[in-house]
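Me: Could you take a close look at one part of this model for me, the place where two of the chains meet? I am new to this, so please walk me through it step by step.

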Amino acid sequence: MGSKYPPSVRGCLPLWTIALELAFLVIFFFFTSYDTSSQDPKELMGIYRVLQDVTIMAALGFGFLNSSLRRYGWSSVAFNLFLLALGVQWAVLVDGFLEWSFYKKVIIKLSSIKLATMSAMSVLISVGAVLGKANLLQLTVMALVEVTAFVTVRMVDRKYLGTDNHTSMMYIHVFATYFGLMVTWCLSRSPPVAVLVEKHQTTKNSSLFTMLGTLFLWIFWPSFNSALLDIPKERKTAVFNTYYALAVSAVTAISVSALSHPRGKINMTHIHNAVLAGGVAVGASCHVIGTPWLAMVLGFMAGLISIGGALCLRFPHLAVGF
Amino acid sequence: MGSKYPPSVRGCLPLWTIALELAFLVIFFFFTSYDTSSQDPKELMGIYRVLQDVTIMAALGFGFLNSSLRRYGWSSVAFNLFLLALGVQWAVLVDGFLEWSFYKKVIIKLSSIKLATMSAMSVLISVGAVLGKANLLQLTVMALVEVTAFVTVRMVDRKYLGTDNHTSMMYIHVFATYFGLMVTWCLSRSPPVAVLVEKHQTTKNSSLFTMLGTLFLWIFWPSFNSALLDIPKERKTAVFNTYYALAVSAVTAISVSALSHPRGKINMTHIHNAVLAGGVAVGASCHVIGTPWLAMVLGFMAGLISIGGALCLRFPHLAVGF
Amino acid sequence: MGSKYPPSVRGCLPLWTIALELAFLVIFFFFTSYDTSSQDPKELMGIYRVLQDVTIMAALGFGFLNSSLRRYGWSSVAFNLFLLALGVQWAVLVDGFLEWSFYKKVIIKLSSIKLATMSAMSVLISVGAVLGKANLLQLTVMALVEVTAFVTVRMVDRKYLGTDNHTSMMYIHVFATYFGLMVTWCLSRSPPVAVLVEKHQTTKNSSLFTMLGTLFLWIFWPSFNSALLDIPKERKTAVFNTYYALAVSAVTAISVSALSHPRGKINMTHIHNAVLAGGVAVGASCHVIGTPWLAMVLGFMAGLISIGGALCLRFPHLAVGF
């Protein structure tokens, strides 16, 4: 946590997050209502399953991916849950206010919670660069600003540039990385380098947790990449391409990491991000690629580039994307 | 484990659990058969998915939630699995014998295994208060008595008080907490306080596992709260309300926990239960609440109360519910 | 890793795996294409869910099951992911080349990726006996040979012995165990016994991870045993029988393990395999067993035999199967 405030002030910071939660409550009271239309139960369960997959990626995947980067691994999982729960509430509101007219209530559907969870993930990606340098209030402000910015950018993309729902979501990785780097740059004047290095040290024990997070992301990435596609054929193609790109980037990343080590060992910090690079690379185009070899080439290049970047730069977890 | 028995007797205690398993086998041989009616395959897969969600909550969620409370974390996960596997078998039998007439065989359906898993969860909730004070045989007896009591109470609720299937299940948290406290009180005469304190000490390493259990419960709680509802609209409302109550209680609990610490840190033992308090609070009424703000108020109050209770009382994991 | 090569040679070994990945790319370019037929979206999602379950078993279950057996737990999870990603690509190709004629392209369906994941699991089962004794290249060769052998044996089974798709898959446990033992025997001449013992030492911390892997396998085993059955009634029966066999083998294994310990404690290394023995035992016949007691007897015997085997033999994780 930051140490520039006296203890009395620092102790009161969380009061603001409680006040924010109360403000959310009032806004939901006046401006929202549930969707009460009757829907096909099968379709409903399908959306619920995808929502569950996305929530597993967000809460377990990103939660544990960052757990080895800090001295207090468990609290990074708690912060992750906090930002997810807060971000989803805010994203539902922002999405609603941008899409509907102001004199009607915002209708909350299962699919709008799914969309909000995906938007809130931008915060979870950015937070990897900021963890250990920001307190609870700074993280909260960052979450609100980032979700607003991301949802607005998506709206502009869709309304004025004609990008479809799926593609505008896939820019999340680029957006979140640069947003995280920008926030780090703003915050970076306070902590001296010595502290930084210490906070980036990883422990052997928690690396298995990071691997756990990586595997959850690896398994549910096809669900993420196909979540916003409505046509079954496109959805199937998206699952295929994401799966092949992930498989090839995993093999490439682990091989190249072993190759770059003088005694043939695998570098843990390389793997966590490079294994997933295929899923990021194939994201925007996964529903139009028609052959496995193209997805595999993308996965291969993504694995190479992210390991190469990690070797050249000194801050691997910043360089690679998230 | 208890130390009041000589080694020779203590070594033989597990023989009783094997004898019990053999007795189950004989009962299943004479009194049960599988459901052989043909069913809509889609509906069947739907029930199987919910059964899977509930099993993940029971085996992973509760298993790892208790893993930091004992010196030997891994054996608490093993005990949890033992009680789950035993409890489900017994709950299927008790449910069957209470519902059907005695001269017909008990028909085992997928939905009856789902129901039995939910009933067996009462044992997993109670066991948090007892772990470290009971041996394998005592836990087995507790599981049999508690499942019998809970299934009977549910049957009385439904038949004579007119409560519906869903609501009578949601009393599980209250029932299991008081049952657990009662068993602790009965067992509490043997171990001196010094041992108790030592056994309640948590280790840094295993707290991430507890967080893992908490997250599994957080993710799959909407499935639990909507598992026994048949009407699609009610099921959708239950998912909505549980989701919002959980989100608000997570934000509230983490904020209040940071507020109560002089240096703004988050207390791990607070979080594990308070984050889930929203799901418990909204349980019985989640299918009838029609607006998000009401679920959010319930989640807010639940988060406040459970952190408040943990701060006032000295045994947080007993005070909060499970 | 093996130490018989000089550092310069050892450093180049991963180059071969990258070359292999490039070769795969070329083969996929010339010989495969995606399935572009339109399919019922509900059925598609059903296959995708089963694929997800099988991937969770493979990546998380087997990944963490082996994580306590080595000094570097996390790298065993990484090797597991490497072998899974490589094995699935190869299994799709071998399956395709054996089934279709050579002058047509191999059509990749979602169900063929599901089948390939199940075939690739044979490598993950075998690798438990080899971990710590083989380097990346040796593991790669083993994966290619084992997948080719297993897919060919299955094809011979189906075409010439008339075994159905489901039953021929269920021999995977026997096949993979003996294959793993054979590979261990071939590799066993190099490392002295002292190293072996040290590498088999387990750490307290990672045993919870092993338990995590065991629980994932326990939860998703019914999905594995019913994945290749097409008739809904058979699928339901398979879920029932696997569930009951697993429940009984868990209770039996934990009881017998406590019984065999002089102070009534549970031996961790016993549990990990014996808890799952019921699922293996019921595998080949789970769709034809018509009564719960028969599945329970099989689970009971499997639990007894695998704990008994672990007590008699000195290498429990080799003796039990995986």
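Reply: In this predicted model, chain A and chain C bury about 5,000 Å² between them, and carbon and sulfur atoms account for 78% of that area. If you wonder why an area comes up at the start, the size of an interface is often given as the accessible area lost when the parts come together. The contact draws on 56 residues from chain A and 61 residues from chain C. Three residues of chain A deserve a look: Leu208(A), Lys236(A) and Phe240(A) supply 14% of the area that chain A buries against chain C, more than any other three residues.

You can find a salt bridge between Asp53(A) and Arg49(C), where the closest N and O atoms are 2.9 Å apart.

Now for the elements on chain A's side. H2, H9, helix H10 (232–260), helix H11 (268–281) and helix H12 (292–312) of chain A each bring at least two residues to the side that touches chain C. Of these, H10(A) gives the most, with 19 residues. Sorted by kind, the residues on this side of chain A are 36 nonpolar, 10 polar and 10 charged.

How are the two chains related? A rotation of 120° with 0.0 Å of shift along its axis places chain A on chain C, with an RMSD of 0.0 Å. The two copies are thus related as by a three-fold rotation axis.

The contact between chain A and chain B takes 60 residues from chain A and 56 residues from chain B. About 5,000 Å² is buried between chain A and chain B, with 78% from carbon and sulfur atoms. Two salt bridges cross this interface, and one pairs Arg49(A) with Asp53(B), the closest N and O atoms being 2.9 Å apart. Among the elements giving two or more residues to chain A's side here are helix H1 (7–31), helix H3 (73–99) and helix H4 (110–130). H1(A) provides the largest share, 14 residues. The residues of chain A that touch chain B divide into 39 nonpolar, 15 polar and six charged.

How values were computed. Residues numbered from 1 in each chain as written. Chains lettered and ligands numbered in written order. Predicted model: local features only at pLDDT ≥ 70, side-chain atom pairs only at ≥ 80, totals over all residues. Heavy atoms only, no water. Contact = heavy atoms within 4.5 Å. Buried area = accessible area lost by both parts, 1.4 Å probe. Salt bridge = Lys/Arg side-chain N within 4 Å of Asp/Glu carboxyl O. Helix = DSSP H or I, 4+ residues; strand = E, 2+ residues; numbered from the N terminus. Nonpolar A, V, L, I, M, F, W, Y, C, P; charged D, E, K, R; others polar. Least-squares fit on C-alpha atoms with pLDDT ≥ 70 in both.
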